[in-house]
Amino acid sequence: GLAATDADAKQHVRLAHFHAAVAHFALANDKCLQGLSGGAQESLRASLNHARAALQYNARFGAAHFQGAKAAAALGDGDALLPLLQGAVEVDPRYAQRSLADPDFQPFSAQIQATLARYHGELKASCRKLIVNLRPAARQAKAWQHAVADGLRRAIDEGEGALAGDDLDGT
């Protein structure tokens, strides 16, 4: 019934905005095919606005980032396209390949490749820093592992020694 939780309601609103973004993008394509370029621009702006609205409910909604980037590309708005595309790639790196293969993004391919290369470099630097920071902890864990294993071996040896000296038969 109507007793949906706040989280459920927000998810429904987020999805409604996303589907509206997709629908407006399709409508823009239809208007363009009919030669109604003004109407197509209006639908593309609506698509971009609905994608952004969906992101207000979940900033990690990769499909909404990508849909917004497609609308921005069709509008020729590289300033809006690049951050939206980067947001999509941060959520799912496969969006990078999708954007390079999608004809809607072709006019911006050089900027997209530069942005993706910069993002890739930042990601690599972040991973290197993480690895450097984890090395001491890994060494410490390995030392603890050896200490625990040595302690278990000593306990087993002591236990076996005690058992060897004990008369288990009672004789």
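At what angle do the axes of helix 1 and helix 2 cross?

Modeller: This is a predicted model, where local features need pLDDT of at least 70, side-chain atom pairs count only at pLDDT 80 or more, and totals for chains, interfaces and linings use all residues. Residues are numbered from 1 along each chain as its sequence is written, and side-chain values use heavy atoms, with hydrogens and water left out.

The axes of helix 1 (residues 6-33) and helix 2 (residues 37-57) cross at roughly 165 degrees and come within 7 Å. Axes are lines fitted to C-alpha atoms, for helices over the stretch in contact, and angles run from 0 to 180 degrees between N-to-C directions. Helices here are DSSP runs (H or I, at least four residues), numbered from the N terminus. The crossing angle makes helix 1 roughly antiparallel to helix 2 (angles over 145 degrees count as such). Helix 1 passes helix 2 in a left-handed crossing: the near helix is turned anticlockwise from the far one by less than a right angle.

Their contact has 15 nonpolar, six polar and three charged residues. Ala, Val, Leu, Ile, Met, Phe, Trp, Tyr, Cys and Pro count as nonpolar, Asp, Glu, Lys and Arg as charged, and the others, Gly among them, as polar.

On confidence, the protein chain has a mean pLDDT of 88, and 94% of its residues reach 70 or more. pLDDT is the predictor's confidence in each residue, from 0 to 100. Among the elements of the chain, helix 3 (residues 62-75) has the highest mean pLDDT, 96. Helix 6 (residues 109-165) has the lowest, 86.

Key. Helix = DSSP H or I, 4+ residues; strand = E, 2+ residues; numbered from the N terminus. Parallel < 35°, antiparallel > 145°, perpendicular 65-115°, else oblique.
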